[in-house]
Amino acid sequence: MIFWQLFLVYLKIGIFGFGGGYAMLTLIQSDVVEKYEWITLQEFTDIVAISQMTPGPIGINSATYIGYRAVYNAGYPEGIAILGSCMTTFAVCLHSFLLVLLISYYYSRFKNNKYVAAAFMGLRPATVGLIAAAALLLMNRENFIDYKSFLIFGAAFILTWKFKIHPILMIFIAGISGLVLYW
């Protein structure tokens, strides 16, 4: 039963998540955390943080992690929970694949159409709004920012901007700094 629900939820998230992964976060939290309670708000926050650090789109990364946690939290063993990861990742990507396939077929014929151009212009402000909603969503009690977080952020910003430290190395340094400061 949980596999079918995960598939339908992530199919819906994939369809209505205009603007990429950050825009999907409000939909994901609404269904996964609040409606079905498959994961806690703290787990969701942790998954978002991990999804940001790992290579790839945040929407797909979070779908993979949440699929695993939801099935595992439902009492299934780890091997079956991996199928939950596969199911949510497939569901969130399915519509995009089919849509891009269809659009690429017709786009060359209609790219100069004024209605098509107007539709793309209309999607821009909606995307900005969805991303802003995701940023506001992540400002909760579990994400309380203290002076240590500001210190790590400031140091990372300066080291990356002034000294051109590679972002992957900066993630590693920030992680070690967090371990030292919060241990």
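The model is predicted, so local features need pLDDT of at least 70 and side-chain atom pairs count only at pLDDT 80 or more, while totals for chains, interfaces and linings use all residues. Residues are numbered from 1 along each chain as its sequence is written, and side-chain values use heavy atoms, with hydrogens and water left out.

H2 covers residues 21–35, and its 15 residues should span 21 Å, the expected span being 1.5 Å times one less than the number of residues. The C-alpha atoms at its ends are 20 Å apart, which agrees.

At Ile-28, H2 bends by about 35 degrees; the bend is the angle between axes fitted to the seven residues ending there and the seven starting there. Ile-28 is also among the buried residues of H2, which include Met-24, Leu-25 and Val-32 (buried means under 20% relative accessible area, with a 1.4 Å probe and protein chains only). These buried residues pack against helices H1, H3, H4, H5 and H6, contact meaning heavy atoms within 4.5 Å. Just after H2, Glu-37 has a positive phi of about 55 degrees.

I turn now to H5, which spans residues 78–110. H5 gives the most to the lining of the second largest pocket, with seven residues. H1, H2, H4 and H6 are also among the helices that each supply at least two residues of that lining.

Conventions. Helices (H or I, at least four residues) and strands (E, at least two) are DSSP runs, numbered from the N terminus. Buried means under 20% relative accessible area, exposed over 50%, partly exposed in between (1.4 Å probe, protein chains only).
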